[in-house]
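This report walks through one protein model, from strand pairing to helix packing. The sequence and structure come next.

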Amino acid sequence: MLIPFLKNCKHKSIFIKGVLLLVFLLSSLYSTQVFAQKKRYVVVIDAGHGGKDPGGVSNGYKEKDVALNVTLLLGKELSKSKDIKVVYTRKKDIFIGLWERGRIANKAKADLFVSIHCNTVVSSKPYGTETFVLGLASSKQNLEIAKKENAVILLEDNYKEKYKGYDPNSPESFVGLTLMQEENLDKSFAIASEVQKNFKNNLKRKDRGVKQNNFVVLHQTYMPSILIELGFLSNKVEGKYLSSAKGQKQLANQIGKAINKYFDQIKLNTVSTEDVVVVTDESLDPKTEDKESQIDKVVEDDVLFKIQLASSKKRIKTKSYNFKGLKNVERVKVGKYYKYYYGHSSNYQETKKAFGKAKKKGYATAFIVAFKNGEKVPLAQALK
């Protein structure tokens, strides 16, 4: 029907231009919709120990069994969401080296790595749950936990070659931490805190807090990563709970809720803006930085797009040599952390081009954020 109509149309060129314009608008709309669609988040769940490595053994309970059961239940819980893809480091009672667990997570390009463990100590008194993120041990007790969990490397083939130069109990091991790992630290703290809050509030478990420790399995990953100690098998009451079907299902359910909430927050692209300080001049004294005295040089735009490159507790100079040659990097203080942004523009297409440049420079975990009138807003909302 269209071709005969065109033959008789007196304004064919106008009509064709109109059709082309319509196609362009529809393709642009489709591109925006595709970008704004919910991505499928990859969660790698790591059941600690396994096979020839039983982990902690106490009161007839084995850590490797509890960890695997909770892992499988957690995977089943997370798989209910169409937005989450679950990857396991192991789904049965087999031995997997710490290096291999990290490799699995990195190869899967995971958005989150969750390692499941249980505690065992000589005394039967300690009980409660704690969640760890990467960092130096802050106490002798935490150091002993790290030594126990890291000792599994001795069971791996060629462990001296795989972990050459790495001492999990030495502060010098952290010299090699990259900005990418620091960037994920605040995200790791966020999900760890959510897990602990659920255990405490919903299961009435004793909250031993969120802690930092130098676990090899966390050191090997390059995404937000946490290690959960579900409780103490060495405590008879808690050990019985951890080994029960009811206890394992409850624990998996609460971890699942925490992870779903974490991803919901990412989808909304929200970050707490308390104590936000925008810094655009290296000569400013960080002690005097405050919301009233600092003005974002591009805040006059109604909607502003930026690329978040990294997040760190370190106040790094925004010079190009610190950011792989990228110029005009902006530093913003959010609470105790500094966010580093690049490519700020009111033009979304320009920001997308800058985003591609940042990716090529090696910022694999960079992402686009949007601000309206100086306040962070969901990207999908800004693109409407």
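Strand β11 (residues 330–334) pairs with β12 in the antiparallel sense, over five bridges. Two strands count as paired if DSSP finds at least two bridges between them. Helices (H or I, at least four residues) and strands (E, at least two) are DSSP runs, numbered from the N terminus. Within this pairing, E330 has Y341 of β12 as its bridge partner. β11 and β12 form a hairpin with two residues between them. In the turn, G335 has a positive phi of about 65 degrees.

This is a predicted model: local features need pLDDT of at least 70, side-chain atom pairs count only at pLDDT 80 or more, and totals for chains, interfaces and linings use all residues. Residues are numbered from 1 along each chain as its sequence is written, and side-chain values use heavy atoms, with hydrogens and water left out.

**Around β12**

β12 also pairs with β10 (residues 303–312), in the antiparallel sense over six bridges. There, I307 stands opposite Y342 in β12. Nine of the nine residues of β12 (residues 337–345) are buried, so the strand is largely enclosed by the rest of the structure. Buried means under 20% relative accessible area, exposed over 50%, and partly exposed in between (1.4 Å probe, protein chains only).

**The six-stranded sheet**

Six strands form an open sheet with mixed pairing, in the order β4-β1-β5-β8-β6-β7. Its edge strands are β4 (84–88) and β7 (207–213), each pairing on one side only. Neighbouring strands of this sheet are turned by 25 degrees against each other on average, direction ignored. β6 (residues 129–134) and β7 pair in the parallel sense over five bridges. T129 has D207 in β7 as its bridge partner.

Contact means heavy atoms within 4.5 Å. Axes are lines fitted to C-alpha atoms, for helices over the stretch in contact, and angles run from 0 to 180 degrees between N-to-C directions.

| Helix | Strands touched | Angle between directions |
|---|---|---|
| α4 (residues 98–107) | β1 (41–47), β4 and β5 (112–119) | about 170 degrees with β1 |
| α9 (residues 236–243) | β5 and β8 (225–232) | about 120 degrees with β8 |

In α9, E238, G239 and L242 are buried. Seen down the axis of α9, the buried residues fall within an arc of 100 degrees, so they line one face of the helix. The arc is that of the directions from the helix axis to the C-beta atoms. K236, V237 and K240 are exposed on the other side of α9.

G55 lies in the loop between β1 and β2 (57–58). Is G55 buried or partly exposed? G55 is partly exposed, with a relative accessible area of 25%. Not counting residues up to four places away in sequence, G55 touches H49 and E63. G55 and C118 are 63 residues apart in sequence and 8.4 Å apart in space, C-alpha to C-alpha.

E63 is among the buried residues of α3, which also include V66, L68 and L74. Helix α3 (residues 63–78) has 16 residues. From first C-alpha to last, α3 reaches 22 Å, close to the 22 Å expected at 1.5 Å a residue. The expected span is 1.5 Å times one less than the number of residues.

**Overall**

The protein has 12 helices and 14 strands. Buried residues make up 47% of its 384 residues. Among contacts between residues at least 6 apart in sequence, 78% join residues at least 24 apart.
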